[in-house]
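Let's go through how a few labels get attached to a model. Each answer sets a value against its cut-off.

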Amino acid sequence: MTVATPRHPAPAPPEPAGVDNRLVVGGAALTWRSLPTPALPDPAAVLAHSAVHALTAARQHAVHGTELLLSTASRVDAAMRTELLEAGFTVSVLDDDGAHPSAPARPRAAEPGRLWLLTSGSTGRPKRVGHTLDTLTTVRADQPARIWLCPYAPGTYAWWQVVTLSLTQPGQHLVVVEPDELDDWPSVAAAHGVDAASGTPTFWRRTLYRDADALARVPLRQITLGGEPVDQAILDQLREVFPAARISWIYASSEVGASIVVHDGRAGFPVDWLDRETPSRPTLSVQDDELVITSPYHGAGLAGPIRTGDRVQVLDGRVLITGRLDSDEINVGGSKVSAGVVRGVLAGHPAVAWARVTGRRAPVLGRMVVAEVVLAPAVPASADTAVPDEAALVRWCADRLPEHAVPRRIRVLTDIPVKETLKSDV
C-alpha cells in the first residue's frame with residue numbers, strides 16, 4: 001500500500017512593508033493590499049492605461065519580481081515598441097480588462113527582480129536603464145507619517161521614487177493625480193490632506209501661476225523639487241507661501257539615482273561637498289564644467305565616474321546646475337553664455353513666473369540670446385513690480401549680466417508650457 005504524501009501549498013510571496021498604506025487614485029480610496037496583481041508575461045513591458053493600472057503593475061513586481069518596464073502608451077511610440085519586442089519583452093497594454101499582450105518573435109529568459117526605466121529623452125530618443133527596487137529605493141531611514149502627492153507620469157524615475165517610498169515605508173500614503181487633474185491638483189490635495197508633494201520646478205511654477213491661493217490651502221509640510229535646474233527664485237516663492245515647510249531639492253537621474261539632496265533653501269549645493277568620499281553615498285565632482293557622479297545607486301551596467309551631461313557653475317561657495325551641456329551654452333561672437341544663468345536672472349524678476357532662454361542665429365555674432373517669459377498674474381502695482389514690457393526686462397538683464405549675455409528678443413507667452421514629464425525644456 002502506498003501512502004500519499006500531503007502536498008503543502010507554496011508559501012505566499014512576502015508583501016512589501018507599506019502594503020497597508022492608503023492610496024487615493026481616480027477618486028477611489030484603496031490600499032496597496034487591495035490592488036490586484038495581474039498575471040503578466042515575464043519579461044513584460046507594460047503600457048499602463050491609467051494611474052491605477054500602473055500601481056497594480058508596481059505591486060505585481062514588488063510581490064513577484066517580474067522583470068518589468070513600466071510606462072504609458074504616449075511615451076512609447078511605434079519604433080520603441082518594435083525595439084522592446086526585439087529585446088524580448090512582451091509588450092502589454094494594461095487596462096480595466098486586463099493585459100493585452102503582443103509577444104516577441106524571439107522570447108528570452110527573464111531576469112528576476114529587474115526593473116527598467118526609460119530616460120526622459122532630453123539627450124535624444126529615450127533609452128532603457130536597468131534598476132531594481134533596491135536601487136530605486138533611496139529613502140531607507142524611518143520617515144514621519146506623510147500623505148504624498150504623486151503627479152508624475154508612471155514609470156519615470158521620479159514616479160518610482162514616490163512609489164517605492166510608499167511601498168517600502170509604513171505610514172507613507174499616496175494621492176495620485178492623473179494628467180487631466182493636474183490643473184486642479186491643489187483642490188484634490190487639500191481634500192485628502194496631502195502634506196508632502198514632489199514636483200519639477202515647472203510643476204511648482206505653473207501651480208503658483210495658475211492659482212497661488214489654492215496652493216496655499218494645501219497643508220504642505222514637505223516640498224520637494226527635482227528633474228530640472230532649481231533656481232533661487234522658485235525656492236523663495238515657495239518659502240513665502242509655506243514658511244514652515246521643509247523645502248528640499250533633489251538631483252536624480254535614471255543613470256545615477258538620487259545623488260544630491262539639499263534642505264537649506266538655497267539653490268545648488270555647498271562646494272565643499274565636491275570630491276568628498278563617504279561610504280554608501282555618491283561622490284560628486286566637476287570636470288570641464290560638467291557634473292560627474294560616482295554612485296552606489298547607478299543603473300545596471302554602469303560603474304565608476306559617470307558624466308551626467310549637466311553643466312555646473314561655482315558661485316559664492318555653491319555649485320549651481322545651470323542646464324544640459326548640449327543646450328546650455330550659447331556662443332555669442334566668441335563669448336560663452338550660459339542659458340541657465342540668464343534664465344535665473346529673468347526668473348528673479350518679481351513679475352516673471354517662468355522663463356526659457358535659447359540661442360538664435362544672428363549676422364556677424366553667429367548667435368544671439370533670446371528668451372520667452374510668462375508674466376505672473378495680478379502683480380501688485382509698484383515701482384518694482386509693475387507689469388514689465390520687453391524693454392524693461394532687457395534693462396533688468398542688462399543691470400545684472402555682461403552685455404553679450406543680455407537677451408536681444410524677449411517674447412511673452414500666455415501660459416507655462418509643460419510636457420508629460422512635468423518638464424518644460426528649459
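Q: What makes a residue buried or exposed?
A: Buried means a relative accessible area under 20%, exposed means over 50%, and partly exposed lies in between. Bear in mind that this is a predicted model.

Q: Why is Trp204 called buried?
A: Its relative accessible area is 0%, and the cut-off is under 20%, so Trp204 counts as buried.

Q: What makes Phe203 and Trp204 an edge-to-face pair?
A: Their rings sit 5.2 Å centre to centre, with 80 degrees between the planes. Pairing needs centres within 6.5 Å, and planes over 60 degrees apart count as edge-to-face. Phe203 is buried too, at 5%, and Trp185, Phe203 and Trp204 form one aromatic cluster.

Q: Why are Phe269 and Trp273 called stacked?
A: The ring centres are 6.0 Å apart and the planes are at 20 degrees; under 30 degrees counts as stacked.

Q: How do you know that the span of α4 agrees with its 12 residues?
A: At 1.5 Å a residue, residues 157–168 should span 16 Å, and the end C-alpha atoms are 16 Å apart, so the two agree.

Q: What makes β15 and β16 edge strands?
A: The open sheet runs β15-β19-β18-β17-β16, with antiparallel pairing. β15 and β16 each have a single partner strand, so one side of each is left without a neighbour in the sheet.

Key. Residues numbered from 1 in each chain as written. Predicted model: local features only at pLDDT ≥ 70, side-chain atom pairs only at ≥ 80, totals over all residues. Heavy atoms only, no water. Pairing = 2+ DSSP bridges. Helix = DSSP H or I, 4+ residues; strand = E, 2+ residues; numbered from the N terminus. Expected span 1.5 Å × (residues − 1). Buried < 20%, exposed > 50% of the residue type's maximum accessible area, 1.4 Å probe, protein only.
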